[in-house]
Amino acid sequence: MGGLELINEEISCIGCGVTIQTEDKNKIGYAPASSLEKDQVICQRCFRLKHYNEVQDVSLTDDDFLKILNGIGEKDALIVKLVDIFDFNGSWLPGLQRFVGHNPVVLIGNKSDLLPKSVKPKKLIDWMKGMAKEWGLQPIDVMLVSGAKGHGIEEAMQRIEELREGRDVYVVGCTNVGKSTFINRIIKQGSGEENVITTSHFPGTTLDIIEIPLDDERALIDTPGIINHHQMAHFVGKQDLKTITPKKEIKPRVFQLNAGQTLFFGGLARFDFVRGERNSFTCYLSNDLDIHRTKLEKADELYEKHAGELLVPPGPKEIKEFPPLVGQEFSIKEGKTDIVFSGLGWVTVNQPGAIVKAYVPKGVQVSIRKSLI
Ligand SMILES: Nc1nc2c(ncn2[C@@H]2O[C@H](COP(=O)(O)OP(=O)(O)OP(=O)(O)O)[C@@H](O)[C@H]2O)c(=O)[nH]1
Ligand SMILES: [Mg+2]
């Protein structure tokens with residue numbers, strides 16, 4: 001037994017928070033016994049993610065994640081709710097209030113680097129405030145940052161320091177919004193140490209709570225993301241996830257369309273202009289995702305014949321198990337309006353009275369909102 005006593009102290013992986021074990025290579029939290037002598041232990045899964053960008057699937061369920069987060073309501077803490085500004089609706093987490101209890105919430109929009117430079121931060125923050133109100137959240141402050149690029153981090157750190165009033169800070173949100181990247185950036189700003197916590201473009205990277213000590217014996221706490229099953233990320237393969245995830249500033253693509261024309265976004269989604277005057281439609285999608293224009297009357301046939309080859313992703317293999325596209329019609333009211341394809345992007349329409357139809361794989365969310373840009 002001797003050597004194993006160390007494990008009873010419960011060492012956590014610095015990369016993902018999981019409890020380290022040295023017994024079973026195939027279970028989560030495995031690390032070779034020799035690694036326990038180091039100051040910071042990382043598990044085999046984090047090691048592979050960091051060095052080979054390879055993900056080992058884990059067997060935690062939604063319930064496991066929720067259990068981890070449920071305790072937050074009973075703590076006296078400041079909650080930082082992170083959303084992905086590129087997938088605002090999809091990464092919102094409507095149920096947040098339930099587990100944060102009476103704790104104050106700061107709302108932070110992350111990945112600001114993806115939006116066109118022409119977008120004014122002030123306007124975007126006002127827009128986020130409007131959305132928060134509409135969805136019943138009363139944040140005590142709203143900010144915009146880029147954890148990856150560092151924009152707005154200094155200001156956010158100062159503001160959080162003021163607002164936490166000596167309490168712990170929990171960073172929460174849906175998977176993949178960039179919680180760990182945001183915290184890594186804060187650590188880097190503070191200590192110079194880089195990439196302490198494991199991050200990746202796969203949803204579900206962080207597995208348990210990770211406490212980063214603050215100056216006053218309190219902690220900044222990373223949490224596992226809540227899985228939002230309506231996001232496109234759960235419907236595409238690992239390679240295609242790369243294509244649909246924007247990595248840099250999105251270049252808006254504008255199409256002049258007549259009624260009766262269709263746009264395909266790879267083979268993943270479809271946008272029909274059903275009725276209205278000739279008009280321009282602006283697409284905000286990953287620059288790597290091809291847009292294919294066709295006639296509405298030919299669209300069904302085109303998809304049937306060419307999804308998986310001309311219309312990619314999904315590729316020829318993935319298309320076989322890809323859910324069918326289902327359409328939902330929207331009639332555009334006054335003002336600029338976005339039709340949002342959760343996790344893929346959105347199309348801005350500026351024509352009151354127009355009728356459009358948005359198709360997404362069965363199970364993915366589409367929604368309509370006041371234009372963000
Ligand atoms: N463009 C851009 N990408 C970002 C930013 N922050 C994070 N990302 C990317 O988003 C993906 C997810 O980042 P993580 O930090 O692992 O997200 P998370 O919220 O911790 O995810 P889970 O641990 O799965 O809940 C990674 O591919 C990051 O590189 C950002 O500010 N801008
Ligand atoms: Mg994480």
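Reply: Start with the ligand site: the space taken by ligand 1 is the largest pocket. On a 1 Å grid over the protein atoms alone, a pocket is an open set of points where a 1.4 Å probe fits, with protein on both sides within 12 Å along at least five of seven lines. A molecule sits in a pocket if more than half of its atoms lie within 2 Å of its grid points. This is a predicted model, in which local features need pLDDT of at least 70, side-chain atom pairs count only at pLDDT 80 or more, and totals for chains, interfaces and linings use all residues. Residues are numbered from 1 along each chain as its sequence is written, chains are lettered from A and ligands numbered from 1 in the order written, and side-chain values use heavy atoms, with hydrogens and water left out.

Me: Which residues are the closest to ligand 1?

Reply: A residue is near a molecule if one of its heavy atoms lies within 4 Å of it. Here 22 residues surround ligand 1, and the closest are D113, K179, T181, G204 and T206. Helix 7 (residues 179-191) gives the largest share of this shell, 3 residues. Helices (H or I, at least four residues) and strands (E, at least two) are DSSP runs numbered from the N terminus.

Me: How do the residues of the shell around ligand 1 divide?

Reply: Ala, Val, Leu, Ile, Met, Phe, Trp, Tyr, Cys and Pro count as nonpolar, Asp, Glu, Lys and Arg as charged, and the others, Gly among them, as polar. By that scheme the shell has 4 nonpolar, 15 polar and 3 charged residues.

Me: What lies 3.2 Å from an oxygen atom of ligand 1?

Reply: A polar contact is a pair of N or O atoms within 3.5 Å. The atom you ask about is a polar side-chain atom of S146. Taken alone, ligand 1 exposes 660 Å², of which the protein buries 90%; accessible areas come from the Shrake-Rupley method with a 1.4 Å probe.

Me: What should I check in the backbone?

Reply: Most residues other than glycine have a negative phi, and most peptide bonds are trans. K111, in the loop between strand 2 (105-110) and helix 5 (121-134), has a positive phi near 70°. A cis peptide bond joins V312 and P313, with omega about -15°, and another joins P313 and P314, with omega about 0°. P313 is in the loop between helix 9 (296-306) and strand 12 (325-331).

Methods. Polar contact = N/O pair within 3.5 Å; in protein donor to acceptor, adjacent residues only side chain to side chain. 1 Å grid on protein atoms, 1.4 Å probe; cavity = no way out; pocket = protein on both sides within 12 Å on 5 of 7 lines; lining within 4 Å.
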